Amino acid sequence: MKIDSIRNEYSFSGLRKQNTDDNPFNQFEKWLKEAIDSNEKEPTAMAVATIGTDGFPQSRIVLLKYFNENGFVFFTNYLSGKGRSIESSPAVGLHFFWPLLERQVRISGVAEKTSKKVSEKYFHSRPLESQVGAWASEQSKEIESRDYLEQRFRKFSSEFENEAPSLPPFWGGYNVVPQKIEFWQGRENRLHDRILYKKLSNNEWEKIRLAP
Ligand SMILES: Cc1cc2nc3c(=O)[nH]c(=O)nc-3n(C[C@H](O)[C@H](O)[C@H](O)COP(=O)(O)O)c2cc1C
């Protein structure tokens, strides 16, 4: 298969430092909104990179569910591969790619568990089957077969036939408190725009331009 000639030029837009918001969360909100409006299929999907317990970095896609000045929140199984990695090393990277807009956003920060209240509220907002699925899936564990998984789903479905599923003790959110947020806009001739926000010790954000 020949792939070395696949090459796109990026010319959709540009990013000037003076046109970016001084607050990176406002800038993120603006770009996320534009990604949603542009009909990206999964605008809230982001790669979460963690440092594995074996020392190797690993990333996987999850869905961003909330964000504000306190951080970026996703939900998962705390006993999964990523959950165990975060418990041993809470430094994480988040990475959004919005190809229709020729944009990426990279965030690095420190993950902390959300409160049980936040996890509970989100858990109960999910479709019933997803709540049961969270109970049924021992995420990232080796299992013997598809049948085993479906059996567990049926078992928990009948357990929760007459009562709403409770929040599993092993399931909830992580809030990533950012230290750096970089906005990347593809440009002509690979002379892309990169604006990096760095959090200073006084909690203000410094904004700099990086070479592409
Ligand atoms: C579009 C998309 C959205 C996903 N959203 C989530 C999510 O919000 N939470 C989650 O735990 N896994 C999500 N997954 C599955 C993860 O990518 C991954 O397979 C799973 O969390 C196990 O990863 P781990 O073994 O590294 O913990 C999603 C996958 C895709 C492709």
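Start by selecting residues 91-98 and 103-113: these are strand 5 and strand 6, which pair in the antiparallel sense over eight bridges. Strands here are DSSP runs of E, at least two residues long, and helices are runs of H or I, at least four long, both numbered from the N terminus; two strands pair if DSSP finds at least two bridges between them. You're looking at a predicted model, where local features need pLDDT of at least 70 and side-chain atom pairs count only at 80 or more, while totals for chains, interfaces and linings use all residues. Residues are numbered from 1 along each chain as its sequence is written, and side-chain values use heavy atoms, leaving out hydrogens and water.

Now zoom in on the turn. Strand 5 and strand 6 make a hairpin with four residues between them, and Glu-102 in that turn has a positive phi of about 55°. Pick Trp-98 next: its bridge partner in strand 6 is Arg-103.

Jump to Met-1, in the segment before helix 1 (24-37). Met-1 counts as exposed because its relative accessibility is 95% (exposed is over 50%, buried under 20%, partly exposed in between, with a 1.4 Å probe and protein chains only).

Finally, zoom out to the whole chain. It has five helices and nine strands, and its C-alpha trace spans about 55 × 50 × 35 Å along the principal axes. Of its 212 residues, 40% count as buried.
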